[in-house]
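Please take a moment to look over the sequence and the structure shown below, and keep both at hand while reading the explanation that follows.

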Amino acid sequence: MTLVHRTDEIEIVEYSKGAFGKARITVIKEMPLTVFLNRREFVTLLCIANHLKELAVGFLHSEGILNLVDEIESIKLDEEKGVVEIDTHQKNLMAEKLFMKRTITSGCGKGSSFYNVMDALKCKTIDSPIQISALQALNLMRELHRLSQLYKETGGVHNCALAVPDRILIFREDIGRHNAVDKINGECLLQGIKREDKVLLTTGRVTSEILIKAGKMRIPILLSRSAATDLAVSMSQEIGITTVGYVRGDRFTIYTHPERITQ
């Protein structure tokens with residue numbers, strides 16, 4: 001199978017130091033991925049062309065359509081056409097009908113506008129004894145930045161990772177941070193990787209959407225290079241997630257449950 005390239009080169013006009021000039025730059029390629037659930041078109045996700053099966057599975061899990069990986073009967077991917085077909089043993093017809101067909105934009109602000117605050121109520125309180133040191137938190141974010149080669153090349157992706165306190169286990173990237181999180185979630189579901197004792201890292205803002213995804217993954221610690229919104233902070237306090245923002249250089253801000261971050 002011919003793999004779909006994630007980047008392209010284009011010619012642009014740039015302005016620098018008082019003058020215009022032509023140049024060639026690398027840009028990220030955005031593709032639509034259409035998910036068919038039980039032979040019916042379900043949703044189209046806008047993403048980059050990697051880890052597409054994991055993205056589809058993680059997305060369906062975060063939406064409550066899939067609860068366990070055992071519910072999956074088969075997965076077929078046609079990367080050239082941008083189609084994933086997932087059949088399940090148990091048909092959740094009501095959930096499928098309520099969801100309807102949607103196209104989920106790649107933008108991070110309203111990436112999944114169908115979310116609502118009531119989703120947070122489905123996330124049981126997370127009571128994990130895991131702790132990481134301040135130095136470990138900073139080192140994990142430095143490692144995330146080191147792995148971000150596609151971002152360094154294009155400036156057009158967000159990066160997320162699943163980690164234990166001393167190292168990153170899974171690294172994923174996409175034009176939307178919500179996609180990158182779903183790719184990690186799908187990988188964990190398909191490979192049987194526990195998430196309850198892990199740390200989730202992201203380069204994007206911590207919004208209520210991302211917080212809900214982390215809650216459904218049972219993630220106890222969430223680290224971000226960016227800020228958290230007020231609703232995300234309120235939810236993380238309620239759900240029991242340690243949310244840390246502005247993890248840059250040698251500093252960070254702990255919004256909630258600081259007991260999991262040690263000296």
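**A walk through the model**

K17 is exposed, because its relative accessible area is 85% and a value over 50% counts as exposed. This residue has its place in the loop between β1 (7–16) and β2 (19–28), and its phi angle is near 55 degrees, which is a positive value in a residue other than glycine. As you follow these details, please bear in mind that the model is a predicted one.

A second residue with a positive phi is H51, where the angle is near 50 degrees and the residue is again something other than glycine. H51 is found in the loop between β4 (40–47) and α1, and with a relative accessibility of 31% it counts as partly exposed.

On the side of α1, the residues that make the contact are E54, L55, V57, G58, F59, H61 and S62, and on the side of α5 they are N179, D182, K183, N185, G186, E187, L189 and L190. Sorted by class, this contact of α1 with α5 has 5 nonpolar, 6 polar and 4 charged residues.

Strand β10, made of residues 167–174, contains R167, a residue that is partly exposed with a relative accessible area of 47%. The side chain of R167 is joined to the side chain of D166 by a polar contact of 3.3 Å. R167 can also be placed relative to N139, which is 28 residues apart from it along the chain, while the C-alpha atoms of the two are separated by 8.6 Å.

The next pair of helices is α6, with residues 208–216, and α7, with residues 230–239, which pack at an angle of about 20 degrees with their axes 8 Å apart. Because angles under 35 degrees count as roughly parallel, α6 and α7 are described as roughly parallel to each other, and their crossing is right-handed. In this contact, S208, L211 and I212 of α6 meet L231, A232, M235, S236 and I239 of α7. By class, the contact of α6 with α7 has 6 nonpolar residues and 2 polar ones, and no charged residues.

Finally, we come to T242, which is found in strand β13, a strand of residues 242–248. Is T242 buried or exposed? Its relative accessibility is 0%, and T242 therefore counts as buried. Leaving aside the neighbours within four places in sequence, T242 is in contact with P220, I221, L222, T256, H257, R260 and I261. Two of these residues can be described in further detail. A polar atom of the T242 side chain lies 2.7 Å from the backbone oxygen of H257, and the side chains of T242 and R260 are joined by a polar contact of 2.9 Å.

Conventions:
Residues are numbered from 1 along each chain as its sequence is written. This is a predicted model: local features need pLDDT of at least 70, side-chain atom pairs count only at pLDDT 80 or more; totals for chains, interfaces and linings use all residues. Side-chain values use heavy atoms; hydrogens and water are left out. Axes are lines fitted to C-alpha atoms, for helices over the stretch in contact, and angles run from 0 to 180 degrees between N-to-C directions. Helices (H or I, at least four residues) and strands (E, at least two) are DSSP runs, numbered from the N terminus. Angles under 35 degrees count as roughly parallel, over 145 as roughly antiparallel, 65 to 115 as roughly perpendicular and the rest as oblique. A crossing is left-handed if the near helix is turned anticlockwise from the far one by less than a right angle, and right-handed if clockwise. Contact means heavy atoms within 4.5 Å. Ala, Val, Leu, Ile, Met, Phe, Trp, Tyr, Cys and Pro count as nonpolar, Asp, Glu, Lys and Arg as charged, and the others, Gly among them, as polar. Buried means under 20% relative accessible area, exposed over 50%, partly exposed in between (1.4 Å probe, protein chains only). A polar contact is a pair of N or O atoms within 3.5 Å; within protein, one must be able to donate a hydrogen and the other to accept it, and residues adjacent in sequence count only if both atoms are side-chain atoms.
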